[in-house]
Amino acid sequence: MREIKRNTLLILLTGIFGVGLITFLFFYFRINNSTHDIFYQIIPSLRTKIVLYSSLLKLFNLFPVIIIFVYLISFSFLLTLGKYQELSFHFSDIAIPSFSVLIILVAINIFFHFITIPTIYQKILAYKYSSKISYTAFNKAQEFRKKRMYNNALDAVNIIFEFDSSNKKALQLYDKINKERSTLILSKKEKPQSKKRELPISSPAGFFERGKIEYKKKNYYAALFYFERALKLHKDSKELKELYNRCLAMVNKELGSLTEKEIERKKLIKTKGKGLKYLNQKNYYRAYAIFYSLYKKYPELEDIELYMKTAEKELKKIDFLSSELKNYEWFPGWNNIIFFDKDGYLNIIKKIVMYKNNYYFFDINRYRITTKGKRVIHFKYGKWINNSIRLKNRDSYYEVKPKEMDKYHIKPYVGPWYLANSISFKDLQNQLTVYDVFNLSDPLIKSGFDIQPKFQWLSEKLGIFFGLYIVAILISGFCWSKRSIYEFPPIFKLLMFFIVSPLISYYLYVIYLDFNRILMYTYRYFHRFIIKSEGFNIFIYMLTIQLIISIISSIYFLSQKTE
Amino acid sequence: MKFILYLSKRILLLFIVLIIPTAIALVSYSIIRLGIQPYNVGFRSIFNLAINQLPIIIFISYILAIIFSIVLIDKTKIENLFLLHIPPIIITMVILSIFTAFNLKSRTEKFFITSNSKILVGIDTFFKRGVLNDFGNKIIYVNFHNGKLISFLYDRKTDYLTYIKKIKHASNGLLLYPGNKTSKAGPIKISYGDLHQNSYFFKGKLIRNYSLRLEKLAKNIKGLYYRLGRYDKLIFLSSFILSFIIFIVPFSFLINDGAWGTTGLIGVALILAILPFFYNFIFTMELKYSGLFSFFGKYSYLVCPACFFVIGFLMDVFIKLFHKAEV
């Protein structure tokens, strides 16, 4: 009898694997033939990924149908042949293994619907967006090239390399642009661009060494910057102090010879001291303002420039310049997004752009929703910084007073990815894993997005899981009771049966899902007239009904006999 | 003669019995498809709706009665296949004479319209409170604060936000009054069709697809019917019903006869499933190639009934020739 059990398992598992593979291949070729979007022209690998994931998505969604189909075929035909007709055979020999396998398959299906399918859905959306960006970047690069804006064109091509570093089309374009650019430089004898001073990578141990090098090179201002930084870390080092004093003396000497005005020199030292104080206090806005004004006045003082860049680096963590967003203005994005924030404003954003995990917002209108609604304020730019959208019109850093925090910051209930995808509530809903649904469904609904509350979502998923179990088990029991064990069915009839049974499996599953939705619909009446307690929510209601049906169908299945 | 009377009586009884469930199904359908929760609708509204839909209720129960009677009849009782056509024709005449006698003629104009103008329901019927209700490009927000309406409409296409002062019912839709006094434009009308919100029930794929098919069929027939003059309408309607009988009788008989191994209620389900698709197909073909059938002259609208007449007649002949032994 062990052999029969093993055979049963083999038939069921091979069947599911085989049918699954055929289904996957079918959808792969179908989707591959029907996906013809211009956005996929630049990076074909993204298209392949989208096709692959879309076919997987179809396969996982049809997973219950595949199982029902295999059970239908097995119990009406495959498990009625040969050894299954021996006298020693009992129904329990096939019922127990197939029942156990079904339970495992239901568990796998739960995993698919709770985690795999939403993750794949999210990936597909991300890939689609990436291919849109690459397509637009390619076109934009060509546009810049025609206008002879070669640096911009190269920047645009570099965007494509972010997604595919060995993209042939992009490489060709890159070479062309580079060639044209070099010929232009040669013909015009263009002046080489002034070398920009890069901010040193902050390794505390290196400050002293770098300072010494700069001192030897007679770059006293840069050396002063490094010594000052190093002094902050090693206050007791005599060698460092001595070098610092020497460097300071040299700087003062040079400054004195430059300005020849003692008062101005004092003023500069005082202002710099002030700037350093703010920098130490982590008041980067003021520190930046001071060093920026000093830099404008004394562009030759390298230490001032370096201090200014240090302050700016810190500022970029909490603020941004609108000029940064101008680079992304031509990017494709999500348009006309509307949502509520934590401060009760209604926000309408004309465009959201995502690039390198940064989110940029363009043309933001904020409304205060009252009975006499009116527009409160308009901002041109916004960037996602520290869990909020920092808003801005001017191209400068400025500190927001605590009183005005809600004016210059949008604090949404959810992250920017979900805001962007709220353009379609269906897409938003489909990419939520079970973890997201429990964490985010309330914030998403508070944002105004029309998505299913968590218990309603769970009830709908219950329909899928129980649908698979109940339909598979009922149809297996039914097929077993109607099977013919005395003769092999005629080939034509068998062929017809094989053609019709996938359709039967699919429609039975779909009908069960419809039935589940009707049951969900009846909950409102049940809640209104029978049990009014809030605790008896839709999930418990549906679970009770589904459990009752599944117990009845299990009894029906397990009570089948061998004749 | 005895057989004809037997079948006529059976069809008539079934027809009367089927009116009530058909009415319930149809009224519930037209309420739920608008996303209206049935408990929000009063009894009077439901009654009004049923009265408005009386012609279509009668029509559907009449079709069902014919199909049920012929599919479920004991085929050994059938003496002559052609006799099967007579009872449905008799019943049709009876129904049509009742129609004229009770002056229901004026309602025939509304034959294929599901009128909802008399349903009186609250705002919650169409909108979820406190959520952006997305109807394609239009987003409508409705909420109440201290009993006062807070509402706005955002048009994604034009990127324009309009505040709504009040919402009223109009025929087959809602009127949204803009709150902005300077706005010279009048109220914005949004039809019930645009406000279609997915209720749980009609998210159901199968039911939804089927109902869409039916709606398409009604649209097709309506399109043809309203183009006609007064007398042409009469000719079209009577020829259409006649062709339907000629077609449906052998078709139902074939199902009963075990041609595809289906009998009884499965046969009825099969006919109901196939019928809208089949009729839609013929109508689409007719609209596409109506120019080719010039021999009908100004009666070109008769192409569709003629098609069904021919198909029905061929089926009759087919049954007569090949199923003679069984008949």
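This is a guided tour of a predicted model, one selection at a time.

**Stop 1: chain A and its domains**

Select chain A and colour it by domain. The domain assignment gives domain 1 (2-139), domain 2 (204-322), domain 3 (330-430) and domain 4 (454-558).

Now keep domain 1 of chain A and domain 4 of chain A on screen. Their C-alpha centres lie 20 Å apart. In this pair, 31 residues of domain 1 of chain A are in contact with 31 residues of domain 4 of chain A. Between them the two domains bury about 2,800 Å², and 85% of that area is on carbon and sulfur atoms. Which residues of domain 1 of chain A lose the most area to domain 4 of chain A? Select A:Ile68, A:Leu72 and A:Phe77; together they account for 21% of what that side buries.

**Stop 2: A:Lys58**

Select A:Lys58, which is in helix H2 (residues 44-61) of chain A.

A:Phe24 and A:Lys58 are 34 residues apart in sequence, yet their C-alpha atoms are 7.7 Å apart in space. Leaving aside residues up to four places away in sequence, A:Lys58 touches A:Phe27 and A:Ile31.

**Stop 3: helix H12 of chain A**

Move to residues 302-315 of chain A, which form helix H12. At 1.5 Å a residue, its 14 residues should span 20 Å, and the end C-alpha atoms are 20 Å apart, which agrees. In H12(A), 12 of the 14 residues are buried, so the helix is largely enclosed by the rest of the structure.

**Stop 4: a hairpin in chain A**

Select strand S2 (residues 345-355) of chain A together with S3(A). The two strands run antiparallel and are joined by 10 bridges. One pair to show is A:Asn347 with its bridge partner in S3(A), A:Arg366.

S2(A) and S3(A) form a hairpin with two residues between them. What is there to see in the turn? A:Lys356 in the turn has a positive phi of about 50°. For S3(A) (residues 358-368), eight of the 11 residues are buried, so this strand is largely enclosed by the rest of the structure.

**Stop 5: chain B as a whole**

Chain B has nine helices and six strands. Of its 327 residues, 46% are buried. Among the contacts in chain B with a separation of 6 or more, 62% are between residues 24 or more positions apart.

**Stop 6: helix H4 of chain B**

Select residues 86-101 of chain B, which make up helix H4. The 16 residues should span 22 Å at 1.5 Å a residue; the end C-alpha atoms are 23 Å apart, which agrees.

Next, look down the helix axis.

**Stop 7**

Select strand S5 (residues 173-178) of chain B; five of its six residues are buried. Six bridges join S4(B) to S5(B), and these strands run antiparallel. B:Ala170 has B:Gly173 as its bridge partner in S5(B). S5(B) also pairs with strand S6 (residues 188-191) of chain B, through four bridges and again antiparallel. There, B:Leu175 has B:Lys189 in S6(B) as its bridge partner.

Now pick B:Thr162, in strand S4 (residues 160-170) of chain B. Its relative accessible area is 13%, so B:Thr162 is buried. Not counting residues up to four places away in sequence, B:Thr162 touches B:Ser151, B:Phe152, B:Leu153, B:Pro178 and B:Ile188.

**Stop 7: B:Cys307**

Finish at B:Cys307 in helix H9 (residues 303-322) of chain B. With a relative accessibility of 28%, B:Cys307 counts as partly exposed. Select B:Ser8 as well: B:Ser8 and B:Cys307 are 299 residues apart along the chain, and their C-alpha atoms are separated by 26 Å.

How values were computed. Residues are numbered from 1 along each chain as its sequence is written. Chains are lettered from A and ligands numbered from 1 in the order in which they are written. This is a predicted model: local features need pLDDT of at least 70, side-chain atom pairs count only at pLDDT 80 or more; totals for chains, interfaces and linings use all residues. Side-chain values use heavy atoms; hydrogens and water are left out. The expected span of a helix is 1.5 Å times one less than its number of residues. Buried means under 20% relative accessible area, exposed over 50%, partly exposed in between (1.4 Å probe, protein chains only). Contact means heavy atoms within 4.5 Å. Two strands pair if DSSP finds at least two bridges between them. Domain bounds come from an automatic or database domain assignment. Buried area is the accessible area (1.4 Å probe) that two parts lose on being put together, summed over both.
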